[in-house]
Structures are given as structure tokens and as C-alpha cells.
Amino acid sequence: MKPIIKSIEINAPREKVWHVLWEDASYRDWCSLFSEGSYYDGTLALGEKVRFLGPNPVDGSVGWLLAEITEFVPNEVMVYSFLWMVNNGVDVTEGPGVDEWIGFKEQYHLTESDGVTTLAIDTVMADEYHEFMMEAWDKALVRVKELAE
């Protein structure tokens with residue numbers, strides 16, 4: 001696993017940026033830059049378990065990750081920890097392709113100064129997908145900026 005740490009300055013209040021990040025339609029919009037059809041299912045609140053889902057490009061089955069929200073301050077911070085994979089709608093808690101993800105976190109931090117919000121993300125990615133995800137995060141952050149400004 002390799003880290004991905006990125007940030008972008010957005011000319012909008014952090015409440016607006018937060019809304020763009022987590023409101024269903026805009027979430028689907030910016031996340032489509034990782035995988036078309038991505039969405040989440042669950043309640044965004046401390047301690048809640050949320051499924052981050054999308055279609056498998058090979059067979060169309062629904063899968064991705066189940067995570068627990070470990071830090072949550074609306075308009076400021078969202079951190080979730082990966083618990084297990086979801087494969088074709090079924091939770092997979094161990095085995096190849098799962099074990100290396102368990103416990104890793106994805107973090108979103110928003111700070112605002114003079115009407116400009118800095119959105120910072122911090123996550124990890126498997127070596128074989130790291131380059132793709134670095135580029136996808138660059139595009140996704142620009143899309144969040146476009147949607148918020």
C-alpha cells in the first residue's frame with residue numbers, strides 16, 4: 001500500500017464544500033471519476049457503517065468496501081476505516097484481496113480562511129492501482145472545486 005495525500009483550495013465556504021462531498025447527486029458526480037456509478041449506502045455519522053459501492057467493470061456486479069466512520073465533525077472532518085470488502089452484494093471479511101485493506105483509513109479535512117476552503121484528503125492505495133488513483137484524485141478534487149464554486 002502506498003499513501004495518497006492531496007489538497008485543493010476552493011473559493012467557497014466549507015459548508016458548501018462538505019455538501020458537495022457528501023450529498024448524493026454531487027458525490028456520485030465527483031466519484032464517477034474513480035468509477036462510473038459509484039455511490040454510498042448508509043448514514044454519515046460517527047460510528048455508523050457505510051457501504052461504498054459501485055459496479056465491477058468486468059461483470060457488472062455491485063461491490064467495493066464497507067467502512068466505519070471513526071471521526072465525524074460536520075463541515076470539518078470525515079474519517080472512515082475499512083472493515084471489509086463487498087463483493088456482488090455480499091460482505092467478504094477475510095481472504096485474498098481483503099486482508100490488506102482492513103484497518104486502512106480514508107480522511108477528509110476541511111479548513112476555511114477568508115472564504116477559501118482547503119480540502120485535504122489522506123488515504124492509501126494498493127501499489128498496482130496507485131498511479132491511476134493519484135491521477136483520479138487530482139481530477140476528482142478539481143471536480144469538487146467546480147461543483148462548489
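User: What makes H2 and H3 count as being in contact, and which residues meet?

Analyst: Contact means heavy atoms within 4.5 Å. By that criterion, Ser-26, Asp-29 and Trp-30 of H2 meet Trp-137, Ala-140, Arg-143, Val-144 and Leu-147 of H3. The residues of this contact divide into 5 nonpolar, 1 polar and 2 charged; Ala, Val, Leu, Ile, Met, Phe, Trp, Tyr, Cys and Pro count as nonpolar, Asp, Glu, Lys and Arg as charged, and the others, Gly among them, as polar. This is a predicted model, in which local features need pLDDT of at least 70, side-chain atom pairs count only at pLDDT 80 or more, and totals for chains, interfaces and linings use all residues. Residues are numbered from 1 along each chain as its sequence is written, and side-chain values use heavy atoms, with hydrogens and water left out.

User: How are H2 and H3 placed relative to each other, in angle and axis separation?

Analyst: H2 (residues 24-31) and H3 (residues 127-148) pack at an angle of about 145°, and their axes lie 8 Å apart. Axes are lines fitted to C-alpha atoms, for helices over the stretch in contact, and angles run from 0 to 180 degrees between N-to-C directions. Helices (H or I, at least four residues) and strands (E, at least two) are DSSP runs, numbered from the N terminus.

User: What is the hand of the crossing of H2 and H3?

Analyst: The crossing of H2 and H3 is right-handed. A crossing is right-handed if the near helix is turned clockwise from the far one by less than a right angle, and left-handed if anticlockwise.

User: Why are H1 and H2 called roughly perpendicular to each other?

Analyst: H1 and H2 pack at an angle of about 75°, with their axes 5 Å apart. Angles from 65 to 115 degrees count as roughly perpendicular, under 35 as roughly parallel, over 145 as roughly antiparallel and the rest as oblique. H1 and H2 are therefore roughly perpendicular. Their contact brings His-19, Val-20, Leu-21 and Trp-22 of H1 to Asp-24, Ser-26, Tyr-27 and Trp-30 of H2. By class it holds 5 nonpolar, 2 polar and 1 charged residues.

User: At what angle do H1 and H3 pack?

Analyst: The angle between H1 (residues 14-22) and H3 is about 120°, and their axes are 9 Å apart. H1 is therefore oblique to H3. H1 passes H3 in a right-handed crossing. The contact is formed by Lys-16, Val-17, Val-20 and Leu-21 of H1 with Val-144, Leu-147 and Ala-148 of H3. This contact of H1 with H3 has 6 nonpolar, no polar and 1 charged residues.

User: How many bridges join S3 to S4, and what makes them a pair?

Analyst: Two strands pair if DSSP finds at least two bridges between them. S3 (residues 49-55) and S4 (residues 62-73) are joined by 7 bridges and run antiparallel, and the partner of Val-50 in S4 is Ala-67. S4 is also joined to S5 (residues 77-87), by 10 bridges, and these strands run antiparallel. Here Leu-66 stands opposite Trp-84 in S5.

User: Which bridges involve S7?

Analyst: S5 and S7 (residues 105-113) run antiparallel, with 5 bridges between them, and Val-77 has His-109 of S7 as its bridge partner. The bridge partner of Glu-112 in S8 is Thr-117.
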